[in-house]
2 protein chains.
Amino acid sequence: MPELRHNVLTREWVIIATERAKRPHEFARKDDGKRVHPPYVESCPFCPGNEQMTPPATLVVPNDGSWKVRVTPNKFAALSYEGERQCSFEGIRRTVTGVGVHEVIIESPDHSKSTALLEDSQVETLIDTYLDRFNFASQDPRVEQVTIFKNHGLAAGTSLEHPHSQIIGSPMITAQIRDRMINALHHFDEYGECIFCRVLEMELKEQTRVVMETEHFVTFVQFAALSPFSMLIMPRRHMSCFSEISNAEAADLAGILRRTLAKLYYGLMDPDFNYAIRTAPQEACGVKYFHWYLSIIPRLTKVAGFELGSGMFINSSLPEENASFLREVAAG
Amino acid sequence: MPELRHNVLTREWVIIATERAKRPHEFARKDDGKRVHPPYVESCPFCPGNEQMTPPATLVVPNDGSWKVRVTPNKFAALSYEGERQCSFEGIRRTVTGVGVHEVIIESPDHSKSTALLEDSQVETLIDTYLDRFNFASQDPRVEQVTIFKNHGLAAGTSLEHPHSQIIGSPMITAQIRDRMINALHHFDEYGECIFCRVLEMELKEQTRVVMETEHFVTFVQFAALSPFSMLIMPRRHMSCFSEISNAEAADLAGILRRTLAKLYYGLMDPDFNYAIRTAPQEACGVKYFHWYLSIIPRLTKVAGFELGSGMFINSSLPEENASFLREVAAG
């Protein structure tokens, strides 16, 4: 019989199709296997030598002529960097000017190197850059919520091959973030504990959904994962906001992120995926009830009318099998 | 400058890319145009003569040997029709047995006829069938929320060509439905009015986003539509629950649904889409603060890392242009 599982962090319900669950290897890309790209593409705006094809860089690391990571304003920005934040309320209609920060973070000069294939030191530079740009966006008085995210592959919403992440600082906090914070706040008030710390403790005790552990982080498939192979990378230390990360933790995050992505890359043949850092906004830095994490969502299945119409999800795989499969995959 | 718009029914924020908005015709399918299927396919489990390929029908209309609409349990049901609803709470872990109703509603014997191309009388039979099965599922004591939905095309999550809808009666009410009801309840308590009635009044007054009106229903693109060409079909009369629909309203809904889908079919060359009926659960039948509607979501763009990670959406089109474009398309 199928089982409904409750996601205690998001209050979402998921139907886990226990009997009809697909086996892990059935989710591997079959069309053309792992994608192979050349290390340099003449027409690629993110390849070295083509820097004039993007807006002027806002950060170049290192800034000595060559570069390892390069940040530029998004040429097709969703929000305008110029302009004032102005809210308008007319009856039931509310609008805000679309101002804020939207940058592209080019992860490496090498066109061919998916994040999973980079050196750990390169991913460390990337995480340091995330932190730099997170702080930059957070300090903009017009910005209320900052999202760092990555789209890999067509199903994940990108057609640009050259590995890159993005950061958007938006002038409003979304209902989704507010709702999850309020949910966590209620748990804290009722039980005197961070709900995220509690989930992590449960996962570490049971081990069945843990994919990988490092000194400072744990990768696990959630008990009520909404979709196959979706995972959280959660810091062991309680921190509400990504900006609280220490140097040692940032280096450790680089390692576990790279190796988690490598397990997806080798185990499922380079699937399309998104990841995003979910964090409390800067104003809630230091609160005891919220806990930041990185969420990885392989785009292996389609969201259909039932999910859109009800807010309930159907996961055609078993979280415990997902984790056990990925534990066995070498991380390169 | 882009504009952030607030969706007052869902509390979601949408970035409307005003300057970089694509023109309506750019969203039309370009790959192979309108899909043409044969009226009968020997291997199709939903074609007449293949009735033994599905579980035994739960409703056949008319039941005289031939049929216009046929309902069967889903052969690959997400929920088991057999079994008890049992909730289990262990610490922070909550599970419910996956029991409930999951049926397929075969919309017509004709394999080739997309809903947009059916006779109005056929769609009337379909809506009457929706109502019959909605009431059937709602009366099941294990069922708390009923969702009627349709997936059309690969991007919308189906590979089955033969036009069909589905109904799922699930044993839990989702946080999404609860949150929207609570949001509407707060509005009612503060302003003494149904927020949906208020939105409809505003749309009818402004007319810029109205696509079509009939005696009992209005199709419009929402002011803060999350994605291009997504539309609501809303009843003019206040009703919280789909089951409150009158015979005259059901017939009218058939007409406006068929013609709205035909405008998408001819205007955008048969795009993939989902639709779903959002309604209060049976227990909230008759409440003054909630209002059912049918939501149509063409799957023209991909949800990417920003949307998944933040809960904010980017709409690369203008709702007012979407509506004005569709108003001009003949509905066949």
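**Sheet, helices and chain arrangement in a predicted two-chain model**

In chain A, helix 3 (residues 195–206) lies across strand 10, strand 11 (217–221), strand 12 (231–235) and strand 14 (293–298), and runs at about 75° to strand 11 of chain A; helices (H or I, at least four residues) and strands (E, at least two) are DSSP runs numbered from the N terminus, and angles, which run from 0 to 180 degrees, are taken between the N-to-C directions of axes fitted as lines to C-alpha atoms, for helices over the stretch in contact. The model is a predicted one, in which local features need pLDDT of at least 70 and side-chain atom pairs count only at pLDDT 80 or more, while totals for chains, interfaces and linings use all residues. Residues are numbered from 1 along each chain as its sequence is written, and chains are lettered from A and ligands numbered from 1 in the order in which they are written.

Chain A can be laid on chain B with an RMSD of 0.0 Å by a turn of 180° and a shift of 0.0 Å along the axis, the superposition being by least squares on the C-alpha atoms of residues with pLDDT of at least 70 in both copies. The two copies are thus related as by a two-fold rotation axis. Of the interface residues of chain A, 100% are also interface residues in chain B, so the copies meet through the same surface.

Chain A contains an open sheet of 10 strands in the order 3-4-7-9-8-13-14-12-11-10, with antiparallel pairing, where two strands are taken to pair if DSSP finds at least two bridges between them. Its edges are strand 3 (59–61) and strand 10 (210–213) of chain A, each of which pairs on one side only. Within this sheet, strand 8 (residues 145–152) and strand 9 (residues 164–170) of chain A pair in the antiparallel sense over 5 bridges, and Ile148(A) stands opposite Ile167(A) in strand 9 of chain A.

In chain B, 6 of the 6 residues of strand 14 (residues 293–298) are buried, so this strand is largely enclosed by the rest of the structure; a residue counts as buried if 20 or more other C-beta atoms, placed from the backbone, lie within 10 Å of its own, as exposed if there are 12 or fewer, and as partly exposed in between. Tyr293(B), Ser295(B) and Ile297(B) point one way from strand 14 of chain B, whereas Leu294(B), Ile296(B) and Pro298(B) point the other way. Strand 14 of chain B pairs antiparallel with strand 12 (residues 231–235) of chain B over 3 bridges, Leu232(B) having Ser295(B) as its bridge partner. Strand 13 (residues 273–278) of chain B is joined to strand 14 of chain B by 6 bridges, again antiparallel, with Asn274(B) partnered by Ile297(B).

Helix 2 (residues 175–191) of chain B has 17 residues and reaches 24 Å from its first C-alpha to its last, close to the 24 Å expected at 1.5 Å a residue, the expected span being 1.5 Å times one less than the number of residues. Its buried residues are Gln176(B), Ile177(B) and Ala184(B). They cover an arc of only 100° around the axis, which puts them on the same side of helix 2 of chain B, the arc being that of the directions from the helix axis to the C-beta atoms. On the other side of helix 2 of chain B, Ile182(B), His186(B), Asp189(B) and Glu190(B) are exposed.

Definitions and conventions: Two residues are in contact if their C-beta atoms, placed from the backbone, lie within 7 Å.
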